[in-house]
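Work through the exercises below with the sequence and the structure side by side, trying each task before reading its solution.

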Amino acid sequence: MIREILRMGDPRLLEKSRPVEAFGTTELRTLIGDMQDTMRAANGAGLAAPQVGIGLRVVIFGFEASPRYPQAEPVPFTILVNPVVTPLADEMEEGWEGCLSVPGLRGMVPRWVHLRYSGFDAEGEPIEREARGFHARVVQHECDHLDGILYPMRMRDFSRFGFTDVLFPDANIPED
Ligand code: NI
């Protein structure tokens, strides 16, 4: 079932989410299924539970090809519950980001270039991976949602913040 995506300004997007305590439950499976339906319907690269109004530490992300990020390399589809992100190098890199909760806009955001992430799938099976580049960027963006952080709150240069269709008039990126 497609759920409504909360937009920036809703105080629920600024709350710290709580850890999932029970895996493999109908409630968790339904939430994740609905998040997948919602992300797919919006052509999203990722989605975090607080974006659909649920304050639990659950994110999903991944795509083969993203109409919203046509230049991005594929990211494996991943369900990540109670994630932990650990940078593996000091290096940070600026890159364009958007967010389904901040529709129509893009901004330049600094992120760690190389990291490890771990967590669990819906059944409680552990996941651990290293990621770089756009994959690492998506993980940081989605996990930030669990701490009430939206990407504009990470930006350093607001001259590189604007409407997607004005910034990239020839890219034909779908409206959020
Ligand atoms: Ni987002």
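**Exercise 1: A helix across a sheet**

Helix H2, which covers residues 133-146, lies across E1, E2, E3, E6 and E7, and its direction runs at about 155° to that of E2. Keep in mind throughout that this is a predicted model.

Task: Work out in which order the strands of the open sheet are arranged, and which strands form its edges.

Solution. Begin with the whole sheet, which is open, has five strands in the order E1-E2-E3-E6-E7, and is paired in the antiparallel sense. The edge strands are E1 (46-48) and E7 (126-132), each of which pairs on one side only. On average, neighbouring strands of this sheet are turned by 35° against each other, direction ignored. Helix H1 (residues 26-41) also packs on the sheet, where it touches E1, E2 and E3, and its direction makes about 40° with that of E2.

Next, follow the pairing from strand to strand. E1 and E2 are joined over three bridges in the antiparallel sense, and here Ala 48 has Val 59 in E2 as its bridge partner. E2 and E3 pair, again antiparallel, over five bridges, with Val 75 in E3 as the bridge partner of Phe 63. Finally, five bridges join E3 (residues 75-87) to the antiparallel strand E6 (residues 114-120), and Val 81 stands opposite Phe 120 in E6.

**Exercise 2: The nickel site**

Task: Find which residues coordinate the nickel ion, and decide whether His 141 and His 145 are buried or exposed.

Solution. The nickel ion is coordinated by the SG atom of Cys 99 and by the NE2 atoms of His 141 and His 145, at 2.1 to 2.2 Å. Along the chain, these donors follow the spacing C-x41-H-x3-H. Because His 141 and His 145 are four residues apart in helix H2, they are separated by about one helical turn.

To settle the second part, recall that a residue counts as buried when its relative accessible area is under 20%. His 141 has a relative accessible area of 7%, so His 141 is buried. His 145 has a value of 2%, so His 145 is buried as well.

**Exercise 3: The partners of E5**

Task: Identify which strands pair with E5, and say how many of its residues are buried.

Solution. E4 (residues 92-97) pairs with E5 in the antiparallel sense over six bridges, and Met 92 stands opposite Trp 112 in E5. Three bridges join E5 to E8 (residues 161-163), also antiparallel, where Arg 106 stands opposite Gly 162 in E8. E5 itself (residues 105-112) is mostly covered, with seven of its eight residues buried.

Notes
Residues are numbered from 1 along each chain as its sequence is written. This is a predicted model: local features need pLDDT of at least 70, side-chain atom pairs count only at pLDDT 80 or more; totals for chains, interfaces and linings use all residues. Side-chain values use heavy atoms; hydrogens and water are left out. Two strands pair if DSSP finds at least two bridges between them. Helices (H or I, at least four residues) and strands (E, at least two) are DSSP runs, numbered from the N terminus. Axes are lines fitted to C-alpha atoms, for helices over the stretch in contact, and angles run from 0 to 180 degrees between N-to-C directions. Contact means heavy atoms within 4.5 Å. Donors are N, O and S atoms within 2.8 Å of the metal (3.2 Å for Na, K and Ca); water is not among the atoms, so sites may look incomplete. Buried means under 20% relative accessible area, exposed over 50%, partly exposed in between (1.4 Å probe, protein chains only).
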